[in-house]
Structure formats: structure tokens, C-alpha cells
Amino acid sequence: MATPYDFPSDLRAGQEELHQVRAELSALLKRLPWSVVPLDGFSDTGGWRKVERPASPGWTADEQAEVEKLRQREHELAVFVSCHRFWAEVAAAERVDARMKLKHAHEIPEETER
């Protein structure tokens, strides 16, 4: 049977926000042109794998600022979650298991987790 962990609410909230920020950043990067700066398109068919890219208009200043804002918030949340005081209460041998359970804690309602 899996060991239940009583994650503090601020740690759960930080992990959930980290999931959300990473999803938002991923979606934004998929929408943006492949290059930050304007570049001509290219086609490389001589390698073992064909690579083609259309011309890129680059990112606008607003797009660059949005990516930077999300990356900064992702970093802040990752540090908060990984350095949270809760981890000192978990035995070293159980920390990896506890960390994996925290990553999926949003999938299980709090009441059934305990």
C-alpha cells in the first residue's frame, strides 16, 4: 500500500500553480514562431532526417516579455516546491516517492488522499 502524505496546503497550491504555469508556457511556445529573432526559412534534406522551417517573423516585445514572465514564475515556483520545509519532515528514502505523489496530488481530491 502506498504511503499517504499530508502535504501542506501551500505546497499543494504551489505545485498546482507550477503545473498551470508550465502548461501555459508550453501552449504559448507552441503558438509562437520557431525563432525569437526574424530569420529566413531553411530546408536541410541532406541529413539523416529532413528538417524544414518556414521564415520566422520573430517574437514581438510583448511575446518575449510574456515568455520571460512565465519562465520567471516557473523558476520561482520550482524553487518554492523543491525547497519547501515539508521535505525535511520526510525520511530521505521516501522523498522521491513523496515528490512523485505531490506531482499527482491534484488528480486526487484532498479528502480521499488521507
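Which residues does S56 touch, not counting residues up to four places away in sequence? They are P33, W34, S35, V37, P38 and L39, where contact means heavy atoms within 4.5 Å. Please keep in mind that this is a predicted model, in which local features need pLDDT of at least 70, side-chain atom pairs count only at pLDDT 80 or more, and totals for chains, interfaces and linings use all residues. Residues are numbered from 1 along each chain as its sequence is written, and side-chain values use heavy atoms, with hydrogens and water left out.

**Around S56**
- S56 sits in the loop between β2 (51–53) and α2 (61–82); helices (H or I, at least four residues) and strands (E, at least two) are DSSP runs, numbered from the N terminus.
- With 5% relative accessibility, S56 counts as buried (buried is under 20% relative accessible area, exposed over 50%, partly exposed in between, with a 1.4 Å probe and protein chains only).
- The S56 side chain reaches the backbone oxygen of S35 at 3.2 Å, and a polar atom of that side chain lies 3.2 Å from the backbone nitrogen of G58.

**Nonpolar surface patch**
- W34, V36, V37, L39 and F42 make a nonpolar surface patch of about 410 Å².
- Patch residues have over 30% relative accessible area and no salt bridge; like charges are joined within 9 Å, and nonpolar side chains (Val, Leu, Ile, Met, Phe, Trp, Tyr) within 5 Å.
- V36 is in the loop between α1 (9–31) and β1 (42–44) and, at 36% relative accessibility, is partly exposed.

**Overall fold**
- Five helices and two strands are present, in the order α-β-β-α-α-α-α along the sequence.
- The radius of gyration is 20 Å, well over the 13 Å that the globule rule gives for 114 residues, so the protein is more spread out than a compact globule (the radius is taken over C-alpha atoms, and the rule is 2.2 Å times the number of residues to the power 0.38).
- Buried residues account for 24% of the 114 residues.

**Salt bridges**
- There are seven salt bridges in the structure, each a side-chain nitrogen of Lys or Arg within 4 Å of a carboxyl oxygen of Asp or Glu.
- D10 pairs with R85, their closest N and O atoms being 3.8 Å apart; D10 lies in helix α1 and R85 in the loop between α2 and α3 (86–89), so the pair ties together parts 75 residues apart in sequence.
- E17 forms a salt bridge with R73, with the closest N and O atoms 2.9 Å apart; E17 is in helix α1 and R73 in helix α2, so this pair ties together parts 56 residues apart in sequence.

Definitions and conventions. A polar contact is a pair of N or O atoms within 3.5 Å; within protein, one must be able to donate a hydrogen and the other to accept it, and residues adjacent in sequence count only if both atoms are side-chain atoms. Accessible areas come from the Shrake-Rupley method with a 1.4 Å probe; for residues, only the protein chains shown count as cover.
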